[in-house]
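I opened this notebook to keep track of what I looked up. The entries follow the order in which I worked.

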Amino acid sequence: MFKNYFKIVFRNAKKHPMYVLINLIGLAIGMAVSIVILLYVQFELSYDKYHPEADRIYRVSRAWFNQDGAESLHLGHLAPPFGPLIQSDFPEEVEVSARLFNFNALIKSNGNAMEEERFFFADPESFDLFSWKIIEGEGQSALNEADGIIVTESTAKRYFGDESALGKELQAELAGQEFTFQVRGVMKDMPENSHFHVDFLASMIPVVQFYGGQEAFMSNFGSNNFSTFVKLAEGVDGKAFEGKLPAMIDRHLGENQAGIPMSKGTALKLWPITDVHLYSNLAPKSNRMATWIM
């Protein structure tokens, strides 16, 4: 039977070669487009899943509400005390918390100056959350020093060429202030399927000093500029844990001037890190509808 089918196909190909060629080209294009779409969808759905414990990592956002309960504002950043308080208030449910503070910086080195958008101050605990790979020098311990900074492999190449970046100094101008950092580590570039990217990881200590010291830093609930992440203990459900946060807010912020608990006006929400790219407003967004349609 198949032999007869092949005979018919070859007979038609001889009679109508152009028609067959057009059909083959159309088939090839269709298959190629299908493969490209499949790869695109797989990539979009893979964001931040490369972290070994991604299923336990959450980004925390903050929302505000009107008196009628309607949400008036939702930010992807928190005030500096919230991350540490979440961990200290729930030590059995939260393994680690970490904050990152993104700042556009003018970086100077060897007489050159470049504007950098991927400059972050970071808590040392960031390395307990994310699977960042150090390829030279120090990792977490570099961020324990006030002048410590880690750069990515491509950034080290941009600034220092083939020379080792370790021990080199970088001057950073931030909001009119000058800081001098010493490169203490080099890390691999973050994968493209990350909802945020860093080129520089600097110690959080200068930020704490800028805010007036640790006590002032940890009592400032108004400066919502810090990307805050937590890793929950195994078996802890994110949604159930989120339900405990209003009580924590009232414990530390108390009531407003009208005697209403602060949790009625503001709330903390947990976003699985693997959902941030497609489902939240916490990062440059992908077109979720287009992804699912594809």
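This is a predicted model: local features need pLDDT of at least 70, side-chain atom pairs count only at pLDDT 80 or more; totals for chains, interfaces and linings use all residues.

**Entry 1, a charge over a ring.** I began with Lys168, whose charged end sits over the ring of Phe160, 5.8 Å from the ring centre. The rule I used asks for NZ of Lys or CZ of Arg within 6 Å of the ring centre and within 35 degrees of the ring normal.

Residues are numbered from 1 along each chain as its sequence is written, and side-chain values use heavy atoms, with hydrogens and water left out.

I took a salt bridge as a side-chain nitrogen of Lys or Arg within 4 Å of a carboxyl oxygen of Asp or Glu. How many salt bridges does this rule give? The count comes to 16.

I looked up Glu53 and Lys231, whose side chains meet in a salt bridge at 2.7 Å, N to O. Glu53 lies in the loop between α2 (17-44) and β1 (57-65) and Lys231 in strand β10 (residues 227-232), so this pair ties together parts that are 178 residues apart in sequence. For such elements I used DSSP runs numbered from the N terminus: helices are H or I with at least four residues, strands are E with at least two.

Is Lys231 buried or exposed? Lys231 counts as buried, at 7% relative accessibility, and Glu53 is partly exposed, with a relative accessible area of 31%. My cut-offs were under 20% relative accessible area for buried, over 50% for exposed and in between for partly exposed, with a 1.4 Å probe and protein chains only.

Next I looked up Asp89 and Arg251, which form a salt bridge of 2.9 Å, N to O, between their side chains. Asp89 belongs to helix α3 (residues 82-89) and Arg251 to helix α9 (residues 245-253), so the pair ties together parts that are 162 residues apart in sequence. Asp89 is partly exposed at 24% relative accessibility, and Arg251 is partly exposed at 48%.

Asp162 and Lys157 also meet through their side chains in a salt bridge, at 2.3 Å, N to O. Asp162 is exposed, its relative accessible area being 72%. I then noted a network in which salt bridges that share partners join Glu53, Arg56, Glu95 and Lys231.

I counted rings of Phe, Tyr and Trp (its six-membered ring) as a pair if their centres lie within 6.5 Å; planes under 30 degrees apart are stacked, over 60 edge-to-face and the rest tilted. The structure holds 22 aromatic pairs. One of them is Phe101 with Phe103, edge-to-face, at 5.6 Å centre to centre and 90° between the planes. Phe101 is buried at 10% relative accessibility, whereas Phe103 is partly exposed at 26%.

I also looked up Phe130 and Phe196: their ring centres are 5.7 Å apart and their planes are at 70°, so the pair is edge-to-face. Phe130 lies in the loop between α4 (126-129) and β5 (134-137) and Phe196 in the loop between β8 (177-187) and β9 (200-203), so the pair ties together parts that are 66 residues apart in sequence. Phe130 is buried, with a relative accessible area of 4%, and Phe196 is buried at 11%.
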